[in-house]
Structure formats: structure tokens, C-alpha cells
Amino acid sequence: MGSFRTTYLCLQMTALVTLVCASWLHIGEADAQTSASAAQHASLASVDVQSLLKTARSGDAIAQLKMGDLHMQGRGVLHNYSLAAAWYSKAAKGGNAKAQRKLGLMHLRAEGVALSYPDAIMWLGRAAHGGELAAFQDLYHHYTSVEPDPAAVQKWQEVEAGLKQSLEQDNENFAELLDKAKAGDAVAQRRVALRYEKGRGISRDFAAARDWYLAAADQGDVRAQDNLADLYLAGTGVERDSARAARWYQKAADQGFARSQYSLGVLYLKGLGVEQDAERAADLYRQAATSGYARAQTALARLYRRGEGVEEDQGQAFNLLKTAALQGFGPAQRSLGVMYQFGYGTEIDDVAAVSWYQKAAEQGDAKAQENLGFMYQAGRGVDKDYGLAMEWYRNAASQGSARAQNKIGVMYQFGKGVGADVEEARRWYRLAADQGYKQAQLNLEALGEVQ
């Protein structure tokens, strides 16, 4: 915060020297009609900047978003894209969907941040999932005009359809919905439970959610059974009870509900609420995988990779991972990249490995980002590029990846793509070492730092 504040004050003081005005429409106005833009400008013009700044510094995401907008427009503060991006980033990391979209667009346009399609897609994707409907249009444009990918377009269309359906359900009059639930309508009971669980339009009440899920589940509503099991497994608003969760997953699984079949398989694999049984887990994963459930396909593939609960079969693992990866499931895409990189169940193909790592990395998969960074560092499947390697390592490190943090330390220690800086290397090694990463601890010892 100290360095950010210093930069902020310095830039404000040099406004007359550094101010560069953009002649085209900025992000703060890009998705608004003229009247809406005017209203926004009027609102921002009346803002008490000092009070807003104090609130933003306290961590308030809405205030941080507004500070970003002010800097985009130069209203009462310096017109500066870098400062706008810094505030949008803070709000985005706090879960603000509007800020996530704006930050994504800045990465697409290289406004105040480096041009980065992976970062842009990551933030636009988070915004879309968070209910920022305009982000879907940004994603469609990118995947139709910039990096054509029909499968990605279809994926986001399905996400948008699901979100809109959810929003339509939320808009349903709760009183009417509650009357239907009280009259015994199982679907209404489940929807009431979901409202209470998520706090949509009403105060969150987990006990009420449990009771309504139970009412619907007792009538055989498969989604209610699955949701009720989730509550018991996580201990959300109820006492954690893995055995009870397993029983409800079983009821839904018996009806062919793929998600419950997968979840029950996880319990059998780990021995939670049921006797540990890898073969039973594999059978449940197989049932869900047959229904096209990507998580189950990926989980079953990993059992085949290890020979756990099934005979080891790298070819079968490869086929399952490819099926799941083609559905856009990030962990499957990353694991498929590993199969190609090391030749498990297929011929070694570094170019294919990079392609699948890229797809998963763009969805924010930290392990894929770290693997992709290595491919750029080693020049495998791509031209060697330390700058891109560092970029992907940083993406992974920002998510807490100790391996990536250690690799950044190595890059700084030996000056790969950056100026050699032993102190900066130490800093990254410490971040990884503090998470118990052994290699980072050894690297610090080699630099004379006692652990």
C-alpha cells in the first residue's frame, strides 16, 4: 500500500506535466448510452473525492470502482489509466463484477496495464460469472473476431443462459413462490431453499434453507437432495455430517444425477462418511462420466493414471481427459497438457501441450499457468521467451503457487528475462518457503539464509 500511495501522490502532483487526454471513448463510458453516461458523469462530479479515497483505501470495493472511474475520466483527480487500473484491480480482487469487466477490457486495450489476452479473458470470465451481462458480449467478440474459438463461444452462451435462468428465478415474486412451496410444490420448495441459502432478495437463513431442501428432497427432487448433501458435507448452517451427506448423494445418484454420482465417488475415494473404497469411487465416476460430466471424466482419468481402483491404463486416461478438455473444463485441459508433454497415453507433443496449457491458463488455472511458464522458459513447443515465462509465473504466483514463486526467484537470481537481483530472488524464495516448499528453502540456504 505504501508504494501505491507514494506513486498516487507523485502522479497527482505532476498532473500538469504528465496529463495526456484520450480522444476516444473510455471504459467508464464504453458500455453506456448517452443519457446513462451523462448521469454517471453528474454523479461522479458531485463526489467528495477525499472521503471516497479514504473509503477506497479501507478496502471498500464499490469505492475502489468509483476511484477507478474518476481516474478514467479525470474528474477531480488525475486522468491516468495506470491509476484507474490499480483501483479496478483492487475492486476486482474484492469480487466486484463491474470492476472485473473494466479491468479485463483494459488488458485487451493495453490501457494502463500490459496487453494480455489471458488476463483479459480471466477477468471478463469472472465478471460474466458474477452476473455482469455485458462481459458476455466482450467474450463473444473476442472468440469470434480476435481469437476465433466456436467451442468457447458455445461454452459462454451456455453460462449466460444458465445465469439468465437463475436471474429470472430470482425475479419471481418470493411471496408467490413461498405459497407454492407451502402447498407442497417440490420445485418451489427447492427454489425457496436456494433463496435462503444464497440470501437472494431475503435475509440469508441456512436453517430455513435446510428445512426447505429437506421438504423437497423427501419428495424426490434430485437437485434438492444434491444441495442438501452439499450443506451437510460443508457444514454450512448445519452440523457437518459426511455420513448424512453421503446418504443424500446416494439418493440423487440412484436417480442418475451425475453431479451426485461424482460427489459420492469423492467421498468413497477419501473415506468420508463411508468406508473408503477406490473401486466403488471409480464405478461412480464412470456412471457420471457416461453422462458427460467433465469433472467425473477427469477424476476417472486420474484413477486410470495412478491405477487406483482400476487397472492402470494411460490410453484410457488420455481419452477421458481429452473428452473433458473439449468441454472446456480447465483442470482436464491442464492434465491433458501433461499427458502430451510427457507422452502418457500418447506421443510426446510439446506444441499440443502448450496449446492445452494455454486454454487452462486463460481460465485462471494456476498449475497450468506455471506449466506454461516453464514451456516458455525452456523453449518447448514455443520459442524461448523469458518475458512470457515470467508473466505466466507471476499469474500463478499471485494465486499462491509456491512452485511459481520459487521459479520467479530463480529467474531473478540468475537474471533470466529480468535484471539479476539477489534480494528480489530472496523475497520470492521466502514466499514459497513460508508455504513449506522445500526447493525454495534449499535455495535460501544456498544464498546463506538460515531456515
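Which side chains meet in a salt bridge at 3.8 Å, N to O? Those of Arg 244 and Asp 241 do, a salt bridge being a side-chain nitrogen of Lys or Arg within 4 Å of a carboxyl oxygen of Asp or Glu. Arg 244 is partly exposed, with a relative accessibility of 33%, and Asp 241 is likewise partly exposed, at 24%. Here, buried stands for under 20% relative accessible area, exposed for over 50%, and partly exposed for what lies in between (1.4 Å probe, protein chains only).

The model is predicted, so local features need pLDDT of at least 70 and side-chain atom pairs count only at pLDDT 80 or more, while totals for chains, interfaces and linings use all residues. Residues are numbered from 1 along each chain as its sequence is written, and side-chain values use heavy atoms, with hydrogens and water left out.

As for the overall fold, the protein chain has 27 helices and zero strands. Both kinds of element are DSSP runs numbered from the N terminus, with helices (H or I) of at least four residues and strands (E) of at least two. The chain holds 451 residues, of which 47% count as buried. Among its contacts with a separation of 6 or more, 45% come from residues 24 or more positions apart; contact means heavy atoms within 4.5 Å.

Charged pairs come next. The whole structure contains 19 salt bridges. One of them joins the side chains of Asp 69 and Lys 102, with 2.7 Å from N to O. Because Asp 69 belongs to helix H6 (residues 61-73) and Lys 102 to helix H8 (residues 97-109), this pair ties together parts that are 33 residues apart in sequence. Asp 69 and Lys 102 are both buried. A salt bridge within one helix is formed by Arg 427 and Glu 424, at 2.9 Å, N to O. These two residues are three places apart in helix H26 (residues 422-433) and so are separated by about one helical turn. In general, an α-helix has 3.6 residues a turn, so residues three or four places apart point the same way. Arg 427 counts as partly exposed, at 38% relative accessibility. Elsewhere, a network of salt bridges links Asp 226, Asp 230 and Arg 259.

Now to the nonpolar interior. A nonpolar core is a set of buried Ala, Val, Leu, Ile, Met, Phe, Trp, Tyr and Cys residues joined through side-chain atoms within 4.5 Å. The largest such core has 91 residues, and Val 192, Tyr 196, Leu 264 and Tyr 285 have the most contacts inside it. Leaving out residues up to four places away in sequence, Tyr 196 touches Phe 174, Ile 202, Ser 203, Arg 204, Asp 205, Ala 208, Ala 209 and Trp 212.

The search of the whole structure gives seven aromatic pairs. Phe 174 and Tyr 196 make an edge-to-face pair, with 5.8 Å between centres and 85 degrees between planes. Phe 174 sits in helix H12 (residues 174-182) and Tyr 196 in helix H13 (residues 186-198), so the pair ties together parts 22 residues apart in sequence. Both residues, Phe 174 and Tyr 196, are buried. Phe 318 and Tyr 340 also form an edge-to-face pair, at 5.3 Å centre to centre and 85 degrees between the planes. With Phe 318 in helix H20 (residues 314-325) and Tyr 340 in helix H21 (residues 330-342), this pair ties together parts that are 22 residues apart in sequence. Phe 318 and Tyr 340 are both buried.

Just after H25, Gly 415 has a positive phi of about 65 degrees.

Key
Phe/Tyr/Trp six-rings, centres within 6.5 Å; stacked < 30°, edge-to-face > 60°.
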